[in-house]
Amino acid sequence: MNARVIHWFKFASPQNFYVLAGRMWPWFATLATLLAAVGLWISFFVAPTDAQQGEGYRIIFVHVPASQMSMFIYLVMAAWAGFGLAFNTRLSGMMASALAPTGALFAFLSLATGALWGKPMWGAWWVWDARLTSELILLFLYLGFLALQSSIDDPRRADKACAVLALVGVVNVPIIYFSVKWWNTLHQGASVSLTKSPTMASTMLWGMLIMVVACWMYAITIALLRVRNIILERERHTEWVKHALE
Amino acid sequence: MHWNSVSDFFAMGGYAFYVWGSFGLTAAVVAGEVLLLRAQRKSILRNLRDELLSEGSPS
Amino acid sequence: MKKLGMLSVMAAVLRREVSVALRQKGEVLTPLVFFVVVASLFPLGVGPESALLLRMAPGVLWVSALLAAMLSLQRLFATDYTDGSLEQMALSSTPLGLLVVGKALSHFLLSGLPLVLMAPVLGLQFGLEGRSLGILMLTLLLGTPTLSLIGSIGAALTLGVRGAGVLLSLLILPLYIPVLIFGAGAVEADAAGLGFGGHLSLLAALLVLSAFFAPLATKTALRISLE
């Protein structure tokens with residue numbers, strides 16, 4: 001048991017992690033697909049019609065997972081970034097970079113599905129409610145991360161700079177959320193709120209939960225695949241990469 | 001199951017555009033990410049092989 | 001003895017920054033002019049209806065001040081970086097954090113404070129009067145140092161990077177949003193009879209938080225950029 005614990009550190013090397021990720025991703029992909037299938041089944045065929053929102057509420061089965069994932073991924077990204085800064089490991093920075101595009105896409109999906117939900121329910125494509133506005137700002141934070149990364153040529157410096165940015169961002173997320181909530185309650189004009197979801201039947205809750213976990217598995221799969229690409233790109237002058245191609 | 005017919009299912013009680021728009025967008029994003037990653041991997045491997053070939057000497 | 005050392009270092013940094021800036025007076029005045037121009041664009045964009053302008057005033061003035069403060073951020077480290085003096089400062093025995101605070105303070109003195117003093121003039125153009133003008137100035141006085149501190153993080157991260165100017169804006173504007181909300185909200189809250197105390201305390205809290213944490217982040221970012 002003790003021997004296994006020590007061996008974890010060997011996966012901090014990009015070469016070893018490349019192999020490990022290569023073996024892991026199919027499992028996560030399978031889990032994601034299965035869970036998504038079950039989740040979608042529940043979304044469309046088990047969850048009942050809502051009294052107020054009819055069939056339109058079913059959007060929450062993608063909207064809520066997207067929002068949850070966008071926030072969760074940012075946290076994980078910042079954690080990897082912090083790790084990389086603290087322990088000066090190359091792989092941590094690569095993991096953060098691998099997660100960022102997926103997180104940004106989930107934030108975008110959250111906003112887009114939120115708009116598609118809001119329009120029929122509350123008559124407007126966009127409402128400046130606290131949650132949606134905070135989600136928009138989260139998307140800006142993701143875009144800033146991606147922009148900073150692409151403008152610094154040296155990958156090590158880019159990783160470290162983005163790490164600082166991610167950590168500053170993660171500290172700011174609660175502050176931003178709090179200030180936006182404050183702003184929203186002061187300007188009572190927008191009395192509609194996307195947080196007024198339909199009263200949840202337990203099947204609806206289960207459906208959402210399963211979809212959230214499905215998205216989680218999907219995010220892990222994509223991150224593993226992307227980090228493999230990043231590792232290949234960055235380590236291309238090493239011997240093991242050359243051997244891996246043959 | 002509470003759909004009376006296939007067309008009812010697709011109509012989504014009048015919300016078809018919004019519901020299918022949302023799920024469709026999600027599916028498009030998922031498919032897009034997977035395809036992009038696949039294409040990225042192919043291009044990286046292709047470039048690596050070209051580099052190795054141009055280096056000439058077998059390692 | 002050590003405390004005196006810290007203060008004299010800060011004073012030296014401030015003196016240096018101010019004297020360098022005053023040699024290039026244009027660089028100090030341009031953001032101020034920008035502030036005036038941008039604030040004047042809004043009435044041109046939405047029409048001169050006085051009720052609308054009055055409602056818009058705190059927000060418009062705060063956004064314009066925010067953008068103007070951001071313009072001069074690039075200068076914070078860039079010139080020292082290109083001529084090599086930043087590296088010398090980093091290698092010296094003075095703690096880098098102290099230097100960073102000094103630089104942020106000088107940025108506030110050279111760009112934030114002029115904005116605070118200019119704001120009431122612009123406020124009059126929007127129909128703000130006495131009490132509201134005073135509150136606006138107070139919020140800007142508390143808020144602009146925070147903008148300088150947070151901005152220094154962005155300036156350090158984008159040192160020597162392609163397209164640093166716009167990138168810096170993209171990076172720190174989301175971080176500026178809480179300051180904007182509480183700063184602009186204070187005047188409106190007061191006008192609605194809710195009092196501005198809450199907003200001011202929150203602005204003060206943000207200032208304290210950023211005074212504590214921003215130099216840490218900026219210091220780290222500088223070391224990364226200087227590697």
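The contact between chains A and B takes 29 residues from chain A and 24 residues from chain B, two residues being in contact if their C-beta atoms, placed from the backbone, lie within 7 Å. On the side of chain B that touches chain A, 14 residues are nonpolar, 7 polar and 3 charged; Ala, Val, Leu, Ile, Met, Phe, Trp, Tyr, Cys and Pro count as nonpolar, Asp, Glu, Lys and Arg as charged, and the others, Gly among them, as polar. Of the 2 pairs of chains in contact, A and B share the most contacts. Chains B and C are joined by no contact, and their closest C-alpha atoms lie 24 Å apart.

The model is predicted, with local features requiring pLDDT of at least 70 and side-chain atom pairs pLDDT 80 or more, while totals for chains, interfaces and linings use all residues. Residues are numbered from 1 along each chain as its sequence is written, and chains are lettered from A and ligands numbered from 1 in the order in which they are written.

Chain A contains 8 helices and 0 strands, where helices (H or I, at least four residues) and strands (E, at least two) are DSSP runs, numbered from the N terminus. Of its 246 residues, 48% are buried, that is, have 20 or more other C-beta atoms, placed from the backbone, within 10 Å of their own. Among the contacts in chain A with a separation of 6 or more, 81% join residues 24 or more positions apart. The C-alpha atoms of chain A fill a box of roughly 60 × 40 × 35 Å along the principal axes.

Technical notes
Buried ≥ 20, exposed ≤ 12 C-beta atoms within 10 Å, placed from the backbone.
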